[in-house]
Structure formats: C-alpha cells, structure tokens
Amino acid sequence: MIPLEHIQFAAMILTGGLTLMLAFMLPLWSVGSRVFNSSRWLMAAGTLLLSVQFLLQYTLHFRQMGVTQGVLVNLLFFMPCVWLLCLSLLNLQRQGHVRRREWLIGLISYPLVAMALMGVNRLNGHQVLDDTAALRNTEMTVAVVFSLMQIYYSWQLFHGFIRLKRTLDDYYDKETEDVVRWMRNSVMQLTLIGLFAPFVIFWTGPLLLVYSVGILYSISYTVINFYSYGIDHRRQQTVQDAEDGSEHEDSEEAKASHEKTVREEDRQRVGKAVEQWLSRKGHLHSGITIQTAADEMKIPRYLLTAWLKGTEQELFNPWITWHRIEEAKRMLKENPEWSNDTIAEKCGFGSRSYFQTVFKKYTGMTPAQFIES
C-alpha cells in the first residue's frame, strides 16, 4: 500500500500547483471579467488552504500522532476550503450577486468552530493536541456542523445551477450544455466531498487513502475546468448575456404586471405573431435569441416569454428546437439524398454533430434511421 506520507506530499504539490495556476496564469487570459476574477481568487484561497493543510500533515505528522490530532487539522483547514470553493461557484452562477447570508454563515461559524477545537483542551488543562474525550466529542460536534453547513451550500449550488440552466434555455437557440456541464459535475463532486468529509476523516487505512484520492480528483476537476471556462471568453459572454437579458426581462415584467395577469387578447396577439414568424421561417435562422425573435415578431419579450410558458416546451430553446426538428423531419423525407450538414444548415443548427444529437434526443432515431422508417 502507498505510504500516507507519499499521498500527503503528492497532494501538497498538486494543490499548490492548482493555486499557482489560479493566481498567476489566469489573469493573462481573463482581463476585464470582474465576476470571474472574484470567483478565481475565492477558489485560489480554497486550494491554498488545502495545500497548507497537506503541508502541515506531511511535515508535522499529525495523522501519525493519532486520529484525533489528524482530524483536528483536517477540520480546521478543510471546512473553510470547501466553503470558499462553494462560494466561488455560487459567485459565478449568480454573476457576482452572492447574498450576504452565504458569506455570513461561513464567516460566523468557522471562527466559533476554530475556537472550540483549539480551546476545548485548554479549558480542561491539557495541551491542544492531547487526545482527550472532550476533544473527540468536540470534533464530532464540529463534523455535524460542517455537514449541516455543506447541506445548505449544496442546496444553494444546485438551485443556482438549475436557475442558470433555465436562464440559458430561455434565452439562446443553441446548445448551451457545454457552457455549464463542468459546473454541474463540479457541484455534484463538491457536494459529495463536503457531505462525506466530516466523517471520512475519522477513518484510517485504505478507505482514507481512497477518499483522499477522490478529493484530489474532484478538486482538480473543478479547478481545471474553471480554468478552461476562464480562458474561453465565448462561454463567459454566453452566461453574461443570458443573465443580462434575464434581468432586463424581470424589470419589463415588473412594469407590465405578472404573467398571470397578461390579458387574453395579448396572448392571442402573440400567438398570431408567432404563427406569422414561423411561416416566414424565422425559426430556421441560426444564432437567434429570444430577444431577437421578439423584435422580429414586433412584440415585447415578456409577452413572448409568458406565451411560451403555456406551450409544452415552456422555454425558448426547447420550443424553437422542436420546430426545427419538425422542419428537419420534413426535409429528410422530401430530400433523402441531402447530407446532415445541409439539413443542419437549413434548419438553423450550429453544426452537424449538434443536429444529430438533438434529432436523436427528440425522435429516438438517427437521421438515417428516420429516413428508412
């Protein structure tokens, strides 16, 4: 079995390297992205804490002293590390609008936890690192607090991801899965790390080593994909445009009244405008947003959004995609000799691969299988 010291040393080097990458490499590529840079520094602070934790474990051999000593250091550093990583993703999801509550929960709970861990033995006349029943009980209490805190942040992250995905689906006509796939996976992995870490750190032997490798993989995945997002200005702009459009629509709806109070004559007017737009093949132009579609229909965007919520698809992206797939099915039957590239271009899809993926998702068949059916 791999010695624990080797794992700690490798983890120290890896997390230190990730910290340096976030701190010194990304600024060259992400100038002007205020939201991304604030998230970057939060993430760098989290990986730095993790690197320091492994450095202390490696040089001072806390785990070799005993489980209690090793757990003490794990809790002191891992708890703020996970908190900072969660804040980093929350900040990115909400485009810088992290609520004060998200900050205060960590800023208040962690100092209290640190004082309890560092002071419980002192109050009983022992050294900080003495293995006592009082310290072990305090560590278990802190582990429960850590888990409860992580449950809260995990809920916020999942809610933020769903909101972001919905915002993108209600704004763009194109594939946006690649924009947020890494974020979804990172949220899932950080959730598992944060929920299990408070109790796994009490383990010893192979299980602890396996979990340590899992932690390193999850942190590396999150940071490297965050880095990739940072140097891809297209993906950043996609999220920013969708968020800006969503904020604009909210203000328009506030002026016009809530969706439920939209008049029936307005709904009929929108329905007629939509039919005319579809008959003009407006939905087959690529690169459309809900705003450009509303402008072409000469109706307010908030009315189009309200009308879409009454359709089976509810959101702009799946609605326009459904109509494009219907047109693609018609073209495939009438022109079976046409290539998928041609069909994709004529139906407004950004690429052949995207068209084929979406076609199979909607019909359960590839284009070739559909022609033969």
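1. In what follows, Ala, Val, Leu, Ile, Met, Phe, Trp, Tyr, Cys and Pro count as nonpolar, Asp, Glu, Lys and Arg as charged, and the others, Gly among them, as polar. The model is predicted: local features need pLDDT of at least 70, side-chain atom pairs count only at pLDDT 80 or more, and totals for chains, interfaces and linings use all residues. Residues are numbered from 1 along each chain as its sequence is written, and side-chain values use heavy atoms, with hydrogens and water left out.

2. The lining of the largest cavity divides into ten nonpolar residues, five polar and one charged. A cavity here is a set of points on a 1 Å grid over the protein atoms alone where a 1.4 Å probe fits but cannot get out; lining residues have an atom within 4 Å of a point. Of the 16 lining residues, Gln53, Phe54, Asn74, Leu208 and Ser212 lie nearest the centre.

3. Helix H12 (residues 301–308) has seven of its eight residues buried (under 20% relative accessible area, 1.4 Å probe, protein chains only). Helices are DSSP runs of H or I, at least four residues, numbered from the N terminus. Among the buried residues of H12 are Arg301 and Thr305.

How values were computed. 1 Å grid on protein atoms, 1.4 Å probe; cavity = no way out; pocket = protein on both sides within 12 Å on 5 of 7 lines; lining within 4 Å. Buried < 20%, exposed > 50% of the residue type's maximum accessible area, 1.4 Å probe, protein only. Helix = DSSP H or I, 4+ residues; strand = E, 2+ residues; numbered from the N terminus.
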